[in-house]
Amino acid sequence: MTDVALAPAAPLPAARRGRRGGGSTIDQARRRLFVPFVGPAFLLYSILFVVPSVYAIWISFNKWAGAGPMEFVGLGNYVRLFNDKLFLRSFGNTLLLLFVVGLAIFVIAFALTLVLRDMAGKKIARSVIFFPHLVNAMIFGVLAGFIFNPGGLVNTLLGAFGVTDPPAWLSQDNLFPLIMVMMTWITTGYFTTILMAGVDRIPPYYYEDCALAGANAWQRLRHVILPLTWDVFGTCAVLWTISSVKIFEIIWIFGGSTGAGMPPTQTWTTAVYTYVTAFSGESVPAYGAASASAVLSLALVSVLGGHHDGAGGVFGECRSHDVS
């Protein structure tokens, strides 16, 4: 046997040298650039969001009319809120928008995604269903006043079909269900666009493998489409959670369409309650109670947003098992 001379080991790249000194030169450069790049953005974010949020939490423990000294009341504002029937109704309306409207939005959006996925003109259809999301909520509020008033378009069409006693669409009892329907129509296109983007990123060979394996439509949906788009669902759920808690202008405009100015209390959400408590001008401002209402809304978003992230992580771990 002939001896084989071993070639000398190739020198390490310059970028990988110096690990004994605390990491590669690339890692060291990244650490040096972290503060200059991230620091200004973090400082601006802290000034505009973190500091006001902390100050709002402090105000929520005080009784304050916006001027003069604060009176510390501890959890008194929170106890007052949970004993206030108007706040409980507003909080319940927020939960209805969050869960009922959210469920309707995602069911319709996912159904539209499956229908439009193989449609020839899906880009045009996507633009059409996305358009209502671009329109200002004020337009829908004004439009509702014209379409749903007693002599409006809806009642005129119902009269043509023989309906002589149509519902009072803009009555206080029917106004919030109408807002829920309008929110579903306005928002469905937005989430349909996001879900379609998630479905479009699935590699075509997954569907080819399903066809070779004889998988039916339900099996493709269960083992391919849902596992590979669940993270997109989680993102949409977080976005809707944040948006639903902040819904304000469409409720205010719809209430104004009745001619009453301020929306009826049957339609209030926590955002409207917070605004009226602090800025209505019809009573002494109660910034402590308004801040407590805002803090509870923030807590709701934080809890549900964290829950959605956790669910996404669980399904993400199962994704490889489902697809394989």
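I began with helix 8 and helix 9: Tyr206, Tyr207 and Cys210 in helix 8 meet Arg220, Val224, Ile225 and Leu228 in helix 9. Contact here means heavy atoms within 4.5 Å. Sorted by class, this contact of helix 8 with helix 9 has six nonpolar, no polar and one charged residues. For the classes I took Ala, Val, Leu, Ile, Met, Phe, Trp, Tyr, Cys and Pro as nonpolar, Asp, Glu, Lys and Arg as charged, and the others, Gly among them, as polar.

The model is predicted, so I note that local features need pLDDT of at least 70 and side-chain atom pairs count only at pLDDT 80 or more, while totals for chains, interfaces and linings use all residues. Residues are numbered from 1 along each chain as its sequence is written, and side-chain values use heavy atoms, with hydrogens and water left out.

**Geometry of helices 8 and 9**

I then looked up how the two helices lie. The axes of helix 8 (residues 204–213) and helix 9 (residues 217–245) cross at roughly 165 degrees and come within 11 Å. Helix 8 is therefore roughly antiparallel to helix 9. The cut-offs are under 35 degrees for roughly parallel, over 145 for roughly antiparallel, 65 to 115 for roughly perpendicular, and oblique for the rest. Axes are lines fitted to C-alpha atoms, for helices over the stretch in contact, and angles between N-to-C directions run from 0 to 180 degrees.

**Helices 3 and 9**

Helix 9 also packs against helix 3 (residues 85–116), at an angle of about 145 degrees and with the axes 11 Å apart. I noted a right-handed crossing for helix 3 and helix 9. On helix 3 the contact residues include Leu97, Val101, Ile105 and Phe110, and on helix 9 they include Leu221, Phe233, Trp240 and Val245. By class, the contact of helix 3 with helix 9 has 15 nonpolar, four polar and no charged residues.

**Salt bridge**

How many salt bridges does a search of the whole structure find? I got one. The criterion is a side-chain nitrogen of Lys or Arg within 4 Å of a carboxyl oxygen of Asp or Glu. Arg201 pairs with Asp231, and the closest N and O atoms are 2.7 Å apart. Arg201 is in the loop between helix 7 (172–200) and helix 8, and Asp231 is in helix 9, 30 residues apart, so the pair links distant parts of the chain. Side chains of opposite charge can pair when their charged atoms come close.

I also checked accessibility. Arg201 is partly exposed at 45% relative accessible area, and Asp231 is partly exposed at 32%. Buried means under 20% relative accessible area, exposed over 50%, and partly exposed in between (1.4 Å probe, protein chains only).

**Whole chain**

I counted twelve helices and two strands in the protein chain. Helices (H or I, at least four residues) and strands (E, at least two) are DSSP runs, numbered from the N terminus. Of the 324 residues, 33% count as buried. Among contacts with a separation of 6 or more, 66% come from residues 24 or more positions apart.

Trp169 sits in the loop between helix 6 (153–160) and helix 7. Is Trp169 buried or partly exposed? At 25% relative accessibility, Trp169 counts as partly exposed. Leaving out residues up to four places away in sequence, Trp169 touches Phe148, Val154, Asn155, Leu158, Asn174, Leu175 and Leu178.

Val128 lies in helix 4 (residues 122–134) and counts as exposed at 54% relative accessibility. The C-alpha atoms of Val128 and Gly189, 61 residues apart along the chain, are separated by 8.1 Å.

Ser46, in helix 1 (residues 25–59), is buried with a relative accessible area of 14%. Beyond residues up to four places away in sequence, Ser46 touches Val51 and Pro52.

Last, I looked up helix 11 (residues 270–279), which is mostly covered, with eight of its ten residues buried. Among them are Thr270, Tyr273, Val276 and Ala278.

Definitions and conventions
A crossing is left-handed if the near helix is turned anticlockwise from the far one by less than a right angle, and right-handed if clockwise.
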